[in-house]
Amino acid sequence: MTDRIYPSKPASNPPQKLNGNANPPFPATKAQSFNRPMYRPQPKPSRRRRSCCCICCLWTTLLIGTLILLAAIAGVVIWILYRPQHPTFSVTAVRISQFNVTTNKDGTSQLNSNLDLTVSTRNPNKKLVFFYDPTTVTMSSAGIDVGNSTFPAYTHGTKNTTVLRTTVASTGESLESSSASSLKSDLKKGGIPLAVQLDTKMKVKMGGLKTDKLMIRVICDRLKTNVPKGKTPATLSSSSDTTCKVKLRIKIWKWTF
């Protein structure tokens, strides 16, 4: 028997020939299949910037601390050398010659008042001199303004007591109905509660050094007087607290504390 020879079948996927330097095909990556850019790590911030910020903060803190320390040392030195004390104020006399609340035909109310005020102020310091600007005087009764006036400028020497006098008056001052009723009620009770407020500026002289102007406010708010009867003026009652409170006022931009 003779053997039969069958021709071989051609390969279904014949190998592709490489032309020149062409790269063989590879399967597409996952990032390429979704058309997403490859992630690249961002460079870390420079350590130099951080170190510069830390140095600036450190020097700023040291500067502020040094200024506070120097101010504290200066305050202690001034206290040891001068022993500063604030001036004291007291109301020594109030004389009311007129205090009338009248009601007009149209229903409006008016106040006519005339009060003589005497204030005594003392400088207890041995080495400090006070220089005062003119002082604004405001008197009120239960929050109702009953008159205004001023004290002239003056100098307060060491261990010195100065007596200030002025007349506080109000002529035809319009009052609200509630204010008029409150004042009439006090007049019927036989006593008028009064408060005195003084506002001024002063300089302090320490040896050859003179400070800038300081704002101070003096409040005397526990005063009580009798009611004037006829031509007999009213004066302070014995139960009045004539001592006053002294407050240093500080102005920061538009606000005053």
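This is a predicted model: local features need pLDDT of at least 70, side-chain atom pairs count only at pLDDT 80 or more; totals for chains, interfaces and linings use all residues.
1. Cavity count and volume. One cavity of 30 Å³ or more is found in the model. The largest cavity holds about 40 Å³ of space.

2. Cavity lining. The residues that line the largest cavity are Phe-89, Thr-135, Phe-151, Tyr-154, Leu-164, Leu-198, Thr-200, Ile-216 and Val-218. By class, this lining comprises seven nonpolar residues, two polar and no charged. Strands β8 (191-206) and β10 (214-226) each contribute at least two residues to the lining of the largest cavity.

3. Nonpolar core. The largest nonpolar core consists of 39 residues, and Val-91, Leu-117 and Leu-194 have the most contacts inside it. The element that gives the most to this core is β8, with seven residues. As a general background, nonpolar side chains in soluble globular proteins tend to be buried together.

4. Surroundings of Leu-194. Setting aside residues up to four places away in sequence, Leu-194 touches Val-94, Ile-96, Leu-115, Met-139, Ser-140, Ser-141, Val-146, Cys-220, Asp-221, Arg-222, Leu-223 and Thr-225. Leu-194 is also one of the residues with the most contacts inside the largest nonpolar core.

5. Ser-120. This residue belongs to strand β2 (residues 109-123). Ser-120 is classed as buried because its relative accessible area of 16% falls under the 20% limit. Beyond its neighbours within four places in sequence, Ser-120 is in contact with Thr-88, Phe-89, Ser-90, Thr-92, Thr-161 and Thr-162. Of these contacts, Phe-89 is also among the residues that line the largest cavity.

Technical notes
Residues are numbered from 1 along each chain as its sequence is written. Side-chain values use heavy atoms; hydrogens and water are left out. On a 1 Å grid over the protein atoms alone, a cavity is a set of points where a 1.4 Å probe fits but cannot get out, and a pocket is an open set with protein on both sides within 12 Å along at least five of seven lines; lining residues have an atom within 4 Å of a point. Grid points are joined across faces, edges and corners, and a volume is the space filled by probe spheres set on the points. Helices (H or I, at least four residues) and strands (E, at least two) are DSSP runs, numbered from the N terminus. Ala, Val, Leu, Ile, Met, Phe, Trp, Tyr, Cys and Pro count as nonpolar, Asp, Glu, Lys and Arg as charged, and the others, Gly among them, as polar. Buried means under 20% relative accessible area, exposed over 50%, partly exposed in between (1.4 Å probe, protein chains only). Contact means heavy atoms within 4.5 Å. A nonpolar core is a set of buried Ala, Val, Leu, Ile, Met, Phe, Trp, Tyr and Cys residues joined through side-chain atoms within 4.5 Å.
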